Amino acid sequence: MAERVQIHDDIKLYTTFDKFYLEPTIQPKEIMIIDRVTGEAYVKEKSAVTIPIPPSAYKPICGFLGSIKLISGLYLVVVKYRVLVGKINEQDVYQLAGAEIIPYARSLTHLSRKQMDDNATYEKMIRSVLETPGLYFSYGYDLTHTLQRLHTVPADFHQMSMTSRADGRFLWNGHLLRNYTQEQFARFALPLIHGFVSINHLMVNGHQLTWSLISRRSVERAGTRLFMRGVDSQGQVANFVETEQIVERSGEKSSFVQTRGSIPLYWSQYPDLRYKPAFTMSPEDHVVAYTKHMRAQIQRYGSQVLVNLIDHRGKEENLERGFRAAVAAAALPGVRYEPFDFHAECRAMKYERLSILIDRITHEQIEFGYFLSRGGSVLLRQSGVFRTNCVDCLDRTNVVQSLIARRQLTTVLRLLGVFNTDDIPDHPHFEELFKNVWADHADMISIQYSGTGALKTDFTRTGKRTRLGLLKDGINSLTRYYLNNFCDGFRQDAADLFLGKYAVTDGEGNTAACPLRRDRGWKYITRLRASPPNRKVQSSVLTLSKSIIEFIDWSRVEPVFPCPGKHVKPSVANVVTALVTTIVSSARPSTGPRGGLKSELIDLQQIDCRRFPSILAVAVSMFCASVVLPQKYTSETLLYMMFWGAAIGTTLTFMFRHGTEFVDWPRLDSGVASARVPSAPSDL
């Protein structure tokens, strides 16, 4: 429904020595004033305010998103650029195209050098969240609520500010607006949602209609793919997304809602450099957490069909069994478990077999129905939802959700008289639009959670699996591997900071420790100890190194970078000795006090495993040079290749054996930080 309290859409921002002034551009009657020293904010009538700078000395902004505290103090967060997506209920909906954070403090002279560096990192985190694709807002339509919820509210609901009565699960800048929920800020505080919005106006069989798709990401357990899995003690799950499909024609409005979310058990899958890290389950009571989650879902949405698409064999098998067992143990009324082994059923690209699943849930889809209103009167209500999940709740989930949405869309268009006996495929333009929107939706949700576009979108776009689609999936999978292992710690910290899961403390970096400078866990490494049995190994190392050095005819070896007056032999000899030591040490197991080799934990100030990626890069470069550069291959060249190949293999073996030491882990202490610390997990 249209909001009676419209938010100011264009604002003039005046910045003075001690205050910010936010003046609406169109018919200004009030001005919001923020004190840059105390942080106090208030709204006054325009006639009672005199701005002490020229009227032309303003910065145009599109909205006020709130404020956030960093080390240097508070920051003002505003919308700089926007892109119109379309209209819902005759209200414009925009995508955030650019934002700006403005410090209250006029300088950073009160900070130390380290504090300045840490503050800059925090600023970078806030900007990274604001630059994430998929942030949307509206000045006149509440994007945090579904149509059905907006039609099931008290009479005074629409008199409240959009911020104060927004659905907190989907209010992405709720932490930034926490001090601006009072009525005086009702026309300034601009709510954001994170997810996906597509609004499409089209003509079908002579009927002008609007078909929209809105997805809302939850702020609870928000984060990245491998650092945020499963459920917490409050029943909140990772990657929870509410997806609403809306059809509008004249005064008729229809809405259909689906949800997705991580499997509601205490499980995790922390990155460790392996392509598919092992699933682990915590020893907590899974049934209690599952029950909390499902009761909340039933209260909000009604009956639930839990469509579980994970594998029934292999690594995902025990996770499926745990989910099935929790459903059976809780035995909640109005909940049905529907397992479907997506990969097994659709093996060899036989995606037409998904019709088996759709047929199995058809009777519930008819029973649940959808929301329908005409002229403000509610005719039908949706009484239940399909809660779909796979492991990531991305690729397989999106394919199935698009099929469920297609069937519902056909049903409502027939009810409205847009379709007779025809279907979406009978209208090629509509068919192409539907497929592309759902594929774009899949990519957007996937980018926000995993860092790359979705897999299997070739089926969503074309209706069939293709070899080109498989190649694209391979590229996305490799990109995900890199991002999830080496970039997602920063992304997780950024989300925690923006959402208020972590709050910067007073004096951080000075009187209080800054978590950005905390060691990431690289504290110990195993090395050989200089005991009598080890001297034999060291002797073998020196003998092997000497043999390699003497075997090479150094008079025929030219340095890669010739240096006058210097010979290449000592440098290479040292490298050979050092790397052979590493190879022998890594290849030999420690056998304790009797067996010869003995391991010792030492501080990484002596040996830093963070250098191993550099060693690997050098080894790979030298191996490639040994293969490509020689005009003819000699025994020395082959020995070079064998040596650098062994160095590559040894370094990779070490890195994968200690994979978690090389992962980019989150550093900030947030409310869910303990959930990201593996504590005596049990392998699934």
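Helices, H or I runs of at least four residues, and strands, E runs of at least two, are taken from DSSP and numbered from the N terminus. The model shown in these views is predicted.

**View 1. Ala331 sits in the loop between helix H4 and strand E17.** Helix H4 covers 317-330, and strand E17 covers 335-339. Phi of Ala331 is near 50°, a positive value in a residue that is not glycine. Most residues other than glycine have a negative phi. Is Ala331 buried or exposed? Ala331 is exposed, because its relative accessible area is 56% and the cut-off for exposed is over 50%.

**View 2. Ala348 lies in the loop between helix H5 and helix H6.** Ala348 is not a glycine, yet its phi is positive, at about 65°. The relative accessibility of Ala348 is 61%, so this residue counts as exposed.

**View 3. Five strands form an open sheet.** The strand order is E4-E3-E2-E1-E5, and the pairing is antiparallel. Which strands stand at the edges? They are E4 (41-45) and E5 (59-61). Each has a single partner strand, so one side of each has no neighbour in the sheet. From one strand to the next, the twist averages 25°.

**View 4. Strands E1 and E2 pair in the antiparallel sense.** Strand E1 spans residues 11-15, and strand E2 spans residues 19-24. The pairing runs over 5 bridges. Thr15 stands opposite Phe20 in E2.

**View 5. Helix H1 packs against helix H12.** H1 comprises residues 113-130, and H12 comprises residues 488-498. The packing angle is about 85°, and the axes are 9 Å apart. The two helices are therefore roughly perpendicular to each other. From H1, the contact uses Thr121, Tyr122, Lys124, Met125, Ile126, Ser128, Val129 and Leu130. From H12, the contact uses Phe490, Asp493, Ala494, Ala495, Leu497 and Phe498. What kinds of residues make up this contact of H1 with H12? They divide into 10 nonpolar, 2 polar and 2 charged.

**View 6. An annotated transmembrane region takes in residues 637-656.** The feature "transmembrane region" comes from an unreviewed UniProt entry, which places it at residues 612-630 and 637-656. In the model, residues 637-656 are 100% helix and 0% strand. The end C-alpha atoms of this span lie 28 Å apart.

Note on methods: Residues numbered from 1 in each chain as written. Predicted model: local features only at pLDDT ≥ 70, side-chain atom pairs only at ≥ 80, totals over all residues. Heavy atoms only, no water. Pairing = 2+ DSSP bridges. Axes fitted to C-alpha atoms, helices over the stretch in contact; angles between N-to-C directions. Parallel < 35°, antiparallel > 145°, perpendicular 65-115°, else oblique. Contact = heavy atoms within 4.5 Å. Nonpolar A, V, L, I, M, F, W, Y, C, P; charged D, E, K, R; others polar. Buried < 20%, exposed > 50% of the residue type's maximum accessible area, 1.4 Å probe, protein only. UniProt positions renumbered as here; feature names shortened; annotations may be inferred.
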